[in-house]
Amino acid sequence: MLRHTFLYLSRQKAVQRFLLASAAARRVADRFVAGETLSQAAAVARELNSKGMLATLDHLGENVSTAPQAAAARDCYIETLAEIQHQEIRSGISIKLTQLGLDISEAECAANLEAVVQCAEETGSFVRVDMEGSAYTDRTLTLIKQVREKHRAVGAVIQAYLFRSEGDVRDLVSRGITIRLCKGAYNEPPSIAFASKADVDRNYAHLMRILLSNGVYHAIATHDPKMISETCRFAAECNVCKTAFEFQMLYGIRTDLQERLAHEGYRVRVYVPFGREWFAYFMRRLAERPANALFLLRNLLR
Ligand SMILES: Cc1cc2nc3c(=O)[nH]c(=O)nc-3n(C[C@H](O)[C@H](O)[C@H](O)COP(=O)(O)OP(=O)(O)OC[C@H]3O[C@@H](n4cnc5c(N)ncnc54)[C@H](O)[C@@H]3O)c2cc1C
């Protein structure tokens, strides 16, 4: 309920204007965002590498409304891939299709995605296509499947809160497409998504078992200690070795757990967002956890 209210408020223009102008909001957002520039994000990724972890760089931005903005996002990702290669960073990239123009033209978005994935393939890197709200699920999966027929360096994200996800998982794994499994961060109606945490967690564990049983390298993206221990237990029970999958977590969240898992020999990849368009990403992180929203409120009132 709080999450829905919060996501609703964050879409109101007055709230956006107020928070974007607030130094206190910016300070709180800094906990979740690596910086405004590529060089700041690259420094964070190098630091993660030095601790035995991998990274995926996300140049923040979504729902662009013009073709030049989408082309600029594509070029920024191509520059990011070149920097990853140049600095020999162990990192991929994470992108959103609405940042590459999905709201403008599907054909243009497909061309932008293909250009980025081709570059990732040539530089030995990887493109994970983030999953956005349910209005985009079908189009996102279709474009990924289309590009994956020509290039291997692309993977999908599946959200455990959607009823449809088991079908999508089975379809993607039958094509050998790697999946990042997450719980889901958008405001979805009860007609298409589980509303309670218990149901989402049950489906998450169910989908995790399908992924770990099918031989493709997948990513288990969560900070939830219960989901993580269930994954470790299931992997050990089924003789799935620690390097046959990876855990993924977000920059600034449960750093202790990230380091502990890496220390125990699991592969851990940290999602590192950077750039100036931090607002929508930050709002999703606040909505996930009431304590974050209260922390922001306390900072605003100080
Ligand atoms: C690498 C990665 C990529 C993702 N990509 C996508 C995507 O493409 N599409 C999408 O819809 N969602 C994505 N998500 C977000 C995901 O769907 C969840 O909203 C988010 O991860 C919170 O769920 P959880 O699995 O951590 O479990 P929860 O049950 O929500 O949280 C478990 C515990 O994790 C910690 N925690 C979780 N969230 C926060 C937070 N914001 N601040 C502080 N502590 C927190 C708390 O200790 C909490 O008790 C991604 C998540 C990760 C880790």
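The protein chain is assigned two domains, domain 1 (1-32 + 285-302) and domain 2 (38-277), with bounds that come from an automatic or database domain assignment. Residues are numbered from 1 along each chain, as its sequence is written. The model is a predicted one, so local features need pLDDT of at least 70 and side-chain atom pairs count only at pLDDT 80 or more, while totals for chains, interfaces and linings use all residues.

The C-alpha centres of the two domains sit 24 Å apart. Five residues from domain 1 and five residues from domain 2 make up the contact, where contact means C-beta atoms, placed from the backbone, within 7 Å. On the domain 1 side, two of these residues are nonpolar, one is polar and two are charged. Here Ala, Val, Leu, Ile, Met, Phe, Trp, Tyr, Cys and Pro count as nonpolar, Asp, Glu, Lys and Arg as charged, and the others, Gly among them, as polar.

What about the inside? The largest nonpolar core holds 87 residues, and Ala45, Ala120, Val127, Leu181, Val270 and Val272 touch the most other members. Such a core is a set of buried Ala, Val, Leu, Ile, Met, Phe, Trp, Tyr and Cys residues joined through C-beta atoms within 7 Å; buried means 20 or more other C-beta atoms within 10 Å of a residue's own, exposed 12 or fewer, and partly exposed in between, again with C-beta atoms placed from the backbone. Leu181 has contacts, beyond four places in sequence, that include Ile158, Tyr204, Met208 and His218.

Next, a helix pair. The axes of H5 (residues 67-86) and H6 (residues 106-122) come within 9 Å and cross at roughly 10°. Axes are lines fitted to C-alpha atoms, for helices over the stretch in contact, with angles from 0 to 180 degrees between N-to-C directions. Helices (H or I, at least four residues) and strands (E, at least two) are DSSP runs, numbered from the N terminus. H5 is therefore roughly parallel to H6, a label for angles under 35 degrees. Among the residues that meet are Ala67, Arg74 and Leu81 in H5 and Glu108, Asn112 and Ala120 in H6.

Aspartate 130, in the loop between strand E3 (127-129) and helix H7 (137-148), is buried because 21 other C-beta atoms lie within 10 Å. Not counting residues up to four places away in sequence, aspartate 130 touches Ser94, Ile95, Lys96 and Val157. Tyrosine 271 belongs to strand E8 (residues 267-274) and counts as buried, with 23 C-beta neighbours inside 10 Å.

How values were computed:
Contact = placed C-beta atoms within 7 Å. Parallel < 35°, antiparallel > 145°, perpendicular 65-115°, else oblique.
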